[in-house]
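Hi,

Here's the structure I promised to pass on. Have a look at it first, and my notes follow below.

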Amino acid sequence: MEISKVGVVGCGLMGHGITQICSQAGWELVVREVDQDKLDKGLAKIDKQLGRAVEKGKLEQSDADAIRARITGTLDYADLADCDLVIEAMTEDLAGKLEMWAAVDGIVKDDAYFATNTSSLSVADQAAATKRADRFLGLHFFNPAQVMPLLEVVRSGETSDDASKLGFDLGETLGKTTVAAGDNRGFIVNRLLVPYMLDAIRANEQGVGSIKDIDTGMMAGASHPMGPLTLADFVGLDTLASIADVMAESYGEERFAQPETLRKMVSAGNYGRKSGKGFYDYSGEKPVPVDAGG
Ligand code: 3HC
């Protein structure tokens, strides 16, 4: 199937990036949010990234304008009706996703494909909320979607060869490196990355090193672009906590369980970079580790 119009549900951390790169590929985009404030914030992030690309000379102003003009924001699922592909990028809440898919399934044209960008929830469970499990797949992008090269293409037992091919073709069009991942909790990357971040939190709890030293250690000692605690803040501590819960329940292994520090930080509303505070305090010019008085 030829794609010309893509719907994205959610314009947050992942949704705005997915919307931007799909528009850059030349497709018409409709992005849906729950309220005007969230929609405005998401679209403003796209404007900021496009503006930066123009400033750096990586994009002509006219191209940035065209990319932005192909994106329409909406609060109404009805505007997704003629999309060829709908990508879900909501928060990691299965009940919310199921409710959305059931509503959207009745609105979007029958031959359209549906994809979830879930980090950890079951693709099959979400597909079952629709009457098109054969045209339902996982497309797992990484943050920031504009930069990270990987796209995990996930098949449930019901995903057709056509739908899977659509995922790999889409990845190629977007210039992504694609990998095939099974419909297990965390797919490939989060299965390995999430326990690593959780273990870094435990290492800090146990006094193995300060926040800064743990991060510096992994950057300078293993050539990671970010240390694990900076990365946890970057992913979002609320997101990390909900992925940990799903994986702990699914695998029944202690290494996937939320450390106490993470649980307390999320309860206090400290979600990392997006809320202004996590393992670092982001209110100043430079992030300050919270165990250093931030
Ligand atoms: N949106 C768009 N572009 C961005 C961006 C953003 N949020 N942040 C950075 N960039 C771009 C910059 O504009 C710059 O582009 P240029 O090379 O064309 O000038 C480029 O990325 C490099 O940025 P910077 O020079 O500002 O900073 P860094 O070199 O430190 O790179 C980074 C920033 C790419 C975020 C790098 O630190 C990195 O790769 N970090 C690790 C990120 C990671 O591991 N992500 C995966 C998280 S796990 C996940 O997403 C799965 C989920 O399910 C939990």
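The ligand has 19 residues around it, and Lys56, Lys58, Ser119, His140 and Asn143 come nearest (near means a heavy atom within 4 Å of the molecule). By type, the shell splits into 11 nonpolar, 6 polar and 2 charged residues (Ala, Val, Leu, Ile, Met, Phe, Trp, Tyr, Cys and Pro count as nonpolar, Asp, Glu, Lys and Arg as charged, the others, Gly among them, as polar).

Before you go further: this is a predicted model, where local features need pLDDT of at least 70 and side-chain atom pairs 80 or more, while totals for chains, interfaces and linings use all residues. Numbering starts from 1 along each chain as its sequence is written, and side-chain values use heavy atoms, leaving out hydrogens and water.

Now the polar contacts (N or O pairs within 3.5 Å). A polar side-chain atom of Ser119 sits 2.8 Å from a ligand oxygen, and for Gln49 there's one 3.3 Å from a ligand nitrogen. Asn190 has a side-chain N or O atom 3.0 Å from an oxygen of the ligand. Of the 1,000 Å² of accessible area the ligand has on its own, the protein covers 65% (Shrake-Rupley, 1.4 Å probe).

Where does the ligand lie? Domain 1 (5-182) and domain 2 (189-289) both give residues to the shell, so the ligand lies between them (the bounds come from an automatic or database assignment). Helices H7 (189-205) and H9 (228-235) each supply at least two shell residues (helices are DSSP runs of H or I, at least four residues, numbered from the N terminus). The largest share, 3 residues, comes from H9.

Cheers

Conventions
Polar contact = N/O pair within 3.5 Å; in protein donor to acceptor, adjacent residues only side chain to side chain.
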